[in-house]
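Please keep the sequence and the 3D view at hand.

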Amino acid sequence: MSIVRHNSQQHPYGLYVATLALALFGYREWITLSKPILLFFDEAYYYGWSQQLDWGYYSKPPVVAWLIRLTTDLFGNAEWAIKLASPVLYSLTGGVLYAIGKRLAGAQAGFYSAVIFLTMPLVSFNSLFITTDAPLLFLWSSALWLFLSAQATNRWHFWILAGLVGGLGLLSKYTFVLFPAAFLLYGMLSQQGRNILTNARFWVTCALALACLLPNLWWNYNHDFISFQHTAEISQQTENEMNIGRLLEFWGTQFIVFGPVAMLLLGVRLFKPRSVARGHQEALLWSLFIPIFAVISIQALSARANINWGAPAFVSASLIVGIYLAKLRWKIWFKVLTAVNLVLMFAFYNYASLLSVLNIESKEGNDPFVRIEGWKPLAHSIQPIFDQYPDAPLASDSRKVLAYFGYYLEPKHLNGRALNPDKHIKNQYELLYPIETSASDTHLFVSEHMSGEQLKGYFESVQLLDTANSEVRSNMTRSVKVYRVSGFKGY
């Protein structure tokens, strides 16, 4: 692989990237603290995982829980501390992309690539929430840098580090398995790719990465491979017919994920005439983009696909567009791209103010932040009941309820007991903490929907203690009922 080196550079692009990454990190932390950005229920759910460290969990491998445990052990269990690893890792990923772009096409290309990634709408959104995407994208980009270094030098320490980072990537999200698979396509597109596939050290690296995944596979073996069952279920491949509308909708949402100008330039680059040399390094980047985008597109066509499922593809997409922009004579495209992404970021972070300026009332249906509001006040409303019955564990029929109240009640009820009438395991609570295994005969059952009459089908004694309400918007009020239940009768 050719490596572009510059003995001197006119601009301190590395300093620019570091300054932008730090500025965006500071701004995103300020937004998180000042709004404040409360927990999404998945984050509260993952926080519960983090207090019981393991090699696997119901729906995800363990790295997201490990990260939350690290940040909360260091800074406490406030919402911002639970979320902290996300903006940190996205900022670091920007730095890694700068290093990759610089290696492939020079410092300016690295700078453009980093800016595209750091201002990408998906990154702006995800920086406010801790999800598996944060470690996945950081480890994906780090593995790419290590593979490029290993390819250029063939030194063992780069290959071994690539294997270890790849192993952590697999422990972050199973999607990482597409990373080494992309090299098969790279081998079809270039001689350099074929050289990698014939290098025994590449296969040692892949074996090392898989070895890192073995503890998670053992955990899954001992839990009936529940993570893979969940993955198969959410794909719903056999439940829907082919639908071109879903595919077009998914493609359209990718303009929001990557940024409209960036996505446009990516398409232009893909269909650029062959007379414009792409180079084998760009073949590698496309090899990392195309398989992921194709797999998720097929998923969207045949069933459904969340808009962020193709997130790893946009690591290489940032590099492709960044390198392309560095070659263009008209730098206005970079300025327009960055300006559009920043406008989208500011609009999202100040959504309530934007609605106010437009004289639009914030309601359920037009305000995405509604989803995380109302739960904390509800927890405060029912706290006196839990103080009155300190020995009664939290129980519910809902993962959302168990996650939110498990976190917001004091002391925390992180191992809330799950009522699961259909006996089909759908979350960590039903997997490890079903109500039938509880040592306590009496529970405080919190539910959004279940009535006392329904609960009498499962418990000998059911007593309604309170109905708590929290008005979130003029058209939305959250409500839960709290029951004291005892004598579980079975299903």
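Buried means under 20% relative accessible area, exposed means over 50%, and partly exposed lies in between (1.4 Å probe, protein chains only). This is a predicted model, where local features need pLDDT of at least 70, side-chain atom pairs count only at pLDDT 80 or more, and totals for chains, interfaces and linings use all residues. Residues are numbered from 1 along each chain as its sequence is written, and side-chain values use heavy atoms, leaving out hydrogens and water.

Start at Ser113, which counts as buried because its relative accessibility is 0%. Ser113 sits in helix α6 (residues 107-119); helices are DSSP runs of H or I with at least four residues, strands are runs of E with at least two, and both are numbered from the N terminus. The side chain of Ser113 reaches the backbone oxygen of Ala109 at 2.8 Å. Leaving aside residues up to four places away in sequence, Ser113 touches Leu97, Ser318, Leu319, Gly322 and Ile323 (contact means heavy atoms within 4.5 Å).

Now turn to the open sheet, whose five strands follow the order β2-β1-β3-β5-β4 with mixed pairing. β2 (417-418) and β4 (459-473) stand at the edges with a single partner strand each, so one side of each has no neighbour in the sheet. Two strands pair if DSSP finds at least two bridges between them. Strands β1 (residues 394-396) and β3 (residues 442-447) run parallel and are joined by two bridges; Ala395 has Phe445 as its bridge partner in β3.

Key. Polar contact = N/O pair within 3.5 Å; in protein donor to acceptor, adjacent residues only side chain to side chain.
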